[in-house]
Amino acid sequence: NLPANVPANEAFPDFLPAVSDPGGSIGFHWTDVVPRLGVTWAVDEKRTTLLRASYSRYADQLDTFTAGWLDPVQSLQYSYFYTANPGAPILSRDDLLGPSAGTSPGVNPLTLGTLQSRAVDPGLRAPAVDEVILGAEHALRPDFVIGLQGTYRHYTRILDEKLLVFDDPDAYSPQSLAGVGRLARADDYVPGGSITSTGPDGKPYTVQYYKLRPGVSSRGGTLLENGQREQVYKGLFLTLNKRLANRWMLRGNVTWQDWRWRIPQGATSDPNPALLGGLQDGSLVVSGHQTIGGSFGNVFINSKWSYSLNGLYQVAPDRPWGFNLAASLFGRQGYPLRYSRRVFIPSLSVGQAFDFPTTSRVDALRYPDVHVLNLRAEKEVRLKNAGVTFGFDLFNALNSATILQRQSLLGRSNGGYVLEVLGQRVYRLSLRLDVR
């Protein structure tokens, strides 16, 4: 971690003054050996049937966020206040109701300098994946090959963030500020309440959440370690490849996959539900962007099946007026739809909001399945030293308006609103010039 200087807040420099971080060690060191072995065997002398097998181990690369885990100025630092401002574009000092109501985990509320609230396991290792692939390919004709491949992946040493707490009612007391705390245990949590709401589908949802018991507090700091949770991925891929011959070509694949958590008892201590799941043994693995927000903050990726088919046919290629027709068809299962409610739990982290899902199963609700058909026609005209290709494309030929994303945060005026749909049908005329 290199030294860094952060300027003071421009509007209220006395609340967030300039700070300097001297830098230092990242707190751990990664070293990995990643062996790989592949074997291919031709069943017959003509090699029309091939059997393949491989084993590979992969280790994650070290990203800057993980490397900067102990950097107190890596994350956004803030101080927040209650205000009487009714929504005016300028916040004045007179609008503030009293002193700061809280700060981020990286701000020392006494000195307004940096504060170390995080910890890292010095033995932290890179997440690893062991992969085994078995496959077979058979040539029905010299230009037409079909294949079937099975994949098994075992994910281990997954990085986990474990909440750090203090046996002190005030996580910002002088004695607590001297350290980062201890790991939270399951008995540190007690029921905090519940919220009931009605979703866009008309069904009632109840969110049960938990808080820290009296006498235990936290400022939101976490320990980064290799957790006990693991993941297992199983996939089958059916492929076909017809090379361009006899005026036509075709490529396609069908995928089935099953990706699940393997969680031993006692691997997690926080009973609060998580948008990405990962708390129940055997539950589906989903990936998402909600941690970084943006236009895809409501997208959670998991499809058990998908397919893709692309083809081209040459119409009268030996005639001057000959042209090509092409089509592509793609489809996948709809991604999970994770409705949630936002809850503020001061005992877990001062000023931080938690978005808790309304259903425990990550795929209890899904968006509609996606199917997209694209069409193309093209005509190439060859000149002496150049070529001109005229094209006509039709994207989303079926003009499907499939819903891809909704506002999944309930309890607000736009809860359940459609945020993104599949792009409408588009016509495109194109011209491409090739010069030799």
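A: Ser-306 has a relative accessibility of 19% and therefore counts as buried, since the cut-off for that class is under 20%. The model in which this residue is seen is a predicted one. Ser-306 belongs to strand β19, which covers residues 305-315. When neighbours within four places in sequence are set aside, the contacts of Ser-306 are Asn-253, Val-254, Thr-255, Gly-331 and Arg-332.

Burial may be followed into the loops. Asn-396 is located in the loop between β24 (386-395) and β25 (403-406). With a relative accessible area of 4%, Asn-396 is buried. Its backbone has a positive phi of about 50°, although the residue is not a glycine. Arg-157 likewise is not a glycine, and has a positive phi of about 55°. This arginine sits in the loop between β9 (144-156) and β10, and at 15% relative accessibility Arg-157 counts as buried.

Pro-273 occupies the loop between β16 (248-262) and β17 (287-288). Its relative accessibility is 24%, so Pro-273 counts as partly exposed. Apart from neighbours within four places in sequence, Pro-273 is in contact with Gln-208, Leu-279, Phe-356 and Pro-357. Pro-273 and Ser-360 are separated by 87 residues in sequence, yet their C-alpha atoms are 6.9 Å apart in space.

Strand β12 (residues 189-198) and strand β13 (residues 204-212) run antiparallel and are joined by 9 bridges. Within this pair, Ile-195 stands opposite Val-207 in β13. The two strands form a hairpin with 5 residues between them, and Gly-202 in the turn has a positive phi of about 85°.

Strand β10 (residues 159-165) runs antiparallel to β14 (residues 222-226), and 5 bridges join them. Across that pairing, Leu-163 stands opposite Thr-222 in β14. In general, the strands of a sheet pair through backbone hydrogen bonds, either parallel or antiparallel.

The chain as a whole contains 2 helices and 27 strands. Its radius of gyration is 28 Å, well over the 22 Å given by the globule rule for 436 residues, so the chain is more spread out than a compact globule. The C-alpha trace spans about 85 × 55 × 50 Å along its principal axes. Of the 436 residues, 38% count as buried. Among contacts with a separation of 6 or more, 64% are between residues 24 or more positions apart. The accessible surface comes to about 24,600 Å², and 58% of it belongs to carbon and sulfur atoms. The chain carries 44 positive and 38 negative charges, whose mean positions are 11 Å apart.

Key
Residues numbered from 1 in each chain as written. Predicted model: local features only at pLDDT ≥ 70, side-chain atom pairs only at ≥ 80, totals over all residues. Heavy atoms only, no water. Pairing = 2+ DSSP bridges. Helix = DSSP H or I, 4+ residues; strand = E, 2+ residues; numbered from the N terminus. Rg over C-alpha atoms; globule rule 2.2 N^0.38 Å. Buried < 20%, exposed > 50% of the residue type's maximum accessible area, 1.4 Å probe, protein only. Contact = heavy atoms within 4.5 Å. Areas by Shrake-Rupley, 256 points an atom, 1.4 Å probe, with all protein chains shown as cover. Lys, Arg positive; Asp, Glu negative; His and termini not counted. Charge placed at Lys NZ, Arg CZ, Asp CG, Glu CD.
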